[in-house]
Amino acid sequence: MILDEIVKKRKINIAKQKQIKSLAMLKQEAEALPQNRDFPLEKALTKQDINFICEVKKASPSKGIIAQDFPYLTIAKEYELAGASAISVLTEPDYFLGEDKYLQEIAQNVSISVLCKDFIIDEYQIYKAKILGASAILLICAILDDETLKKFFTLAEKLGLSCLVEAHDENEIKRALKVQARIIGVNNRNLKDFTVDVENSLKLRSLVPENVIFVSESGIKTKDDIEKLRIHQVQAVLIGETFMRAKDKVLALNELYGKKISPKVKFCGMKTIEDIAIVNRYTPDYVGFIFAKSKRQVSMQTASDLAKNLDEKIKKVGVFVNAPLTQIEEIAQKVPLDIIQLHGDEDNEFIKVLKNKLDLPIWQAIKVKDIVDIERAKQSIADMILFDAYVKDSAGGTGKSFNWDLLKDFIGEFILAGGINKQNIIRAIRTTRPYIVDISSGIEKDNHKDENEVKTISELLRKVG
């Protein structure tokens, strides 16, 4: 049986590793690291209506070499751009040709959670996963007895590692629940003969409570597979070979995700004629000129000069922070502006007067700290709300984001801003479903608008729209 052979090889391999570095030394090194109990994988797997754990693996026992050329870092970064919620990295060396360095380097170079996927049979592997930078590990019920499963689960928790506890049948799900697993993965692959049946997840879904994250693993290849799982309230899928073989991983993930997302786009903080030349080539729906104190602040005259060179299809948004009505009115007429964005403490009375003076749409920015701010937004009479991260006296563009989960129950069209960049933009729009996405620092390098960043984000949005 393949599973028995893999476990046998792992025992031999781990024994050799212990001769190089003892368990005591490894334990001391792991326990010296921060024991963060935020468990980011668990948070990530509840963000979207269905979440993707994308796998980085070179080979498998059933398929042999999957990627002869194996640029694992490039693959991981592509997964992140594609909107993956997490990345699974194979470290088993004999049958999957995995290496510890794959996990370590990927964890250092992406901002999303990384799962150490191995056949864990010794606590040595858990300490090593922590040291390599994993935020989660895989525990397979089929190779662990109840006592060992509980021991490993408890150790991982102590180290701040989430556990994806893998089951194949009803009995193993009961065992996973017994150790109080918060993430249970149902493997659709029979580990005895490696045949695959996605129906296994559907058959077992009802056995896992709603408060436990359910992950379907293996054999998921089409958007119809995903839709079946989505209908059964499966929160996440773990997919390897399908993505590994895809040339364009953004398109591949979007095809599986199934739902098209096409928010309008605003690039904010235009300062120079070079900025205008860049946006004219990629034609966002809106650009923003900031008239408040900021490193991106422009004068009325500069904005007017830049506006003359702007593609007429792109609408001009003026960003103000607690500015006098007369100043807003003058700038709106002389630039001229198409939309007014208020980013300060302006109240409904101010907005009402401004609407009477200017026949222009008014956007109001709400800086989000907690749910109270979302509730406050519902009282605004502005034409649209822009949600941004809370930074005192800021006109936006701080590079900071906020907890997007707070927007889950917000009804109506809105603009999403705050720390959006190429690494997180697809996850952001799939999580919040904004009408407009607003990007400023995310299209900059060295405090200047960067064409490569603009191009990448524009291409990403085109692929998912």
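Predicted model: local features only at pLDDT ≥ 70, side-chain atom pairs only at ≥ 80, totals over all residues.

Student: Start with the core. How many residues are in the largest nonpolar one, and which have the most contacts inside it?

Tutor: The largest nonpolar core has 152 residues. Those with the most contacts inside it are F52, I137, I340 and F387.

Student: Which helix gives the largest share of this core?

Tutor: Helix α7, residues 146–159, with six residues.

Student: And what is F52 in contact with, leaving aside neighbours within four places in sequence?

Tutor: With A84, S85, A86, I226, V237, I239, F243, L253, L256 and Y257.

Student: Helices next. At what angle do α12 and α19 pack?

Tutor: Helix α12 (residues 249–257) and helix α19 (residues 451–464) pack at about 30°, and their axes are 9 Å apart. Angles under 35 degrees count as roughly parallel, so α12 is roughly parallel to α19.

Student: Left-handed or right-handed crossing?

Tutor: α12 passes α19 in a right-handed crossing.

Student: Which residues meet there?

Tutor: From α12, V250, L251 and N254; from α19, L460, K463 and V464. By class, this contact of α12 with α19 has four nonpolar residues, one polar and one charged.

Student: α19 also packs with α18, so what are the angle and the axis separation for that pair?

Tutor: Helix α18 (residues 425–432) packs with α19 at an angle of about 40°, with the axes 10 Å apart. That angle makes α18 oblique to α19. The crossing of α18 and α19 is right-handed.

Student: Who makes the contact between α18 and α19?

Tutor: I425, I426, I429 and R430 of α18 meet I457, L460, L461 and V464 of α19. The contact of α18 with α19 has seven nonpolar residues, no polar ones and one charged.

Student: One more pair. How do α15 and α16 pack?

Tutor: α15 and helix α16 (residues 348–357) pack at about 35°, with axes 11 Å apart. Their crossing is right-handed. On the α15 side the contact is made by L325, I328 and E329, and on the α16 side by F350, V353, L354 and K357. Five of these residues are nonpolar, none polar and two charged.

Student: What is phi at L97, and where is L97?

Tutor: Phi of L97 is near 55°, a positive value in a residue other than glycine. L97 is in the loop between β4 (86–90) and α5 (100–109). L97 has a relative accessibility of 31%, so it counts as partly exposed.

Student: And T283, what is its phi?

Tutor: Near 40°, a positive value in a residue other than glycine. T283 is in the loop between α13 (273–282) and β12 (286–290). T283 has a relative accessible area of 38%, which means it is partly exposed.

How values were computed
Residues numbered from 1 in each chain as written. Heavy atoms only, no water. Core = buried A, V, L, I, M, F, W, Y, C linked by side-chain atoms within 4.5 Å. Buried < 20%, exposed > 50% of the residue type's maximum accessible area, 1.4 Å probe, protein only. Helix = DSSP H or I, 4+ residues; strand = E, 2+ residues; numbered from the N terminus. Contact = heavy atoms within 4.5 Å. Axes fitted to C-alpha atoms, helices over the stretch in contact; angles between N-to-C directions. Parallel < 35°, antiparallel > 145°, perpendicular 65-115°, else oblique. Left-handed = near helix turned anticlockwise from the far one by under 90°. Nonpolar A, V, L, I, M, F, W, Y, C, P; charged D, E, K, R; others polar.
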